[in-house]
Amino acid sequence: MPKIAVVGGTGIYNPDTFELIEEVYPDTPYGKPSDKILIGKIAGVEVAFLHRHGTTIPYPPSSVPYRANMWALKELGCKYVISACAVGSLQEEFVPGDLVIADQFIDFTKRRDYTYFDDKIVHISIPDPFCPYLNSVFEESAKKLGLKYHMGGRYLCIEGPRFSTRAESHMFRNFADIIGMTVVPECQLARELGMCYCSLATVTDYDVWKEDDAVDIDMVKETMARCLNNVLRLLEDGLPAIEDEGCVECIEAAKGCGAL
């Protein structure tokens, strides 16, 4: 059973480096996950790969079945979830093409299913939402590979699917470093299930706080495609360094509030 899950877009699934073993499409109490889960090996490490936005049914950020996705990965035996995503920059020093290993998020979403505990009172402790152990693993890999990266970054998650207005973008700059649409509730659902979660975010644009810049999906896709090889190299180097036991901080947070 795979201990590590990778959640991302189509480009992260590279048939040249992913040795496919089987596909599963489980039922969960929250419906089907967004796509078939591909179980295989990257750099000799068994992983479960899931297309966050689906391949047959397209799921925009607000409609991704986050609860089904995380539940299915947990049921498969995954202890670690590594998210690969595209983000906009809210700060000059976070340059398009840079990698950001996020360490905090701010939630500006509005209409998602945020918890597994709708029928009882559970208060999850999540002061540091991203797994410090996984973050350290991928920081070491980024250093080793000579990638331009930022260790730590405040990820502001908006509802989408639209991009920010200029007024919003200028406001968000006071609070965060990068902006995206998928970390919430994915990250906190993983914590409720006692799984470690890490976000490897590629900066694709400067959002719209720069007066001459406007964001469109073609810009995002173009930059992500150009930087995709860096993410693949990071996974190939970092995955073999992940140990089997899981991070105490993430597991104990779920146990301490009665989530597990």
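So, Ser34: it sits in the loop that runs between strand S2, residues 18-24, and strand S3, residues 37-42. Keep in mind that this is a predicted model. Is Ser34 buried or exposed? With a relative accessible area of 3%, Ser34 is buried, because the cut-off for that label is under 20%. And what does its side chain reach? If you leave out residues up to four places away in sequence, Ser34 touches Leu50, His51, Arg52, Gly54, Tyr59, Pro65 and Asn69.

Phi of Ala43 is positive, near 55°, and Ala43 isn't a glycine. You'll find Ala43 in the loop between S3 and strand S4, residues 45-51. At 45% relative accessibility, Ala43 counts as partly exposed. Asp207 also has a positive phi, near 50°. Asp207 lies in the loop between strand S11, residues 196-205, and helix H5, residues 217-238. Asp207 is buried, with a relative accessible area of 3%.

Now the cis peptides. Gly160 and Pro161 are joined by one, with omega at about 0°. Pro161 is in the loop between strand S9, residues 154-158, and helix H3, residues 166-172. There's also a cis bond between Val184 and Pro185, where omega is about 5°, and Pro185 is found in helix H4.

Which brings me to H4 itself. How many of the residues of helix H4 are buried? It's 10 of the 10, across residues 183-192, so the helix is largely enclosed by the rest of the structure. That set includes charged side chains, among them Glu186, Arg191 and Glu192. After H4 comes Gly194, with a positive phi near 75°.

Let me zoom out to the whole chain. We have 6 helices and 11 strands. The radius of gyration is 17 Å, which agrees with the value near 18 Å that a compact globule of 260 residues would have. The C-alpha trace spans about 50 × 45 × 35 Å along its principal axes. Buried residues make up 55% of the 260. Of the contacts between residues at least 6 apart in sequence, 79% join residues at least 24 apart.

Conventions:
Residues numbered from 1 in each chain as written. Predicted model: local features only at pLDDT ≥ 70, side-chain atom pairs only at ≥ 80, totals over all residues. Heavy atoms only, no water. Helix = DSSP H or I, 4+ residues; strand = E, 2+ residues; numbered from the N terminus. Rg over C-alpha atoms; globule rule 2.2 N^0.38 Å. Buried < 20%, exposed > 50% of the residue type's maximum accessible area, 1.4 Å probe, protein only. Contact = heavy atoms within 4.5 Å.
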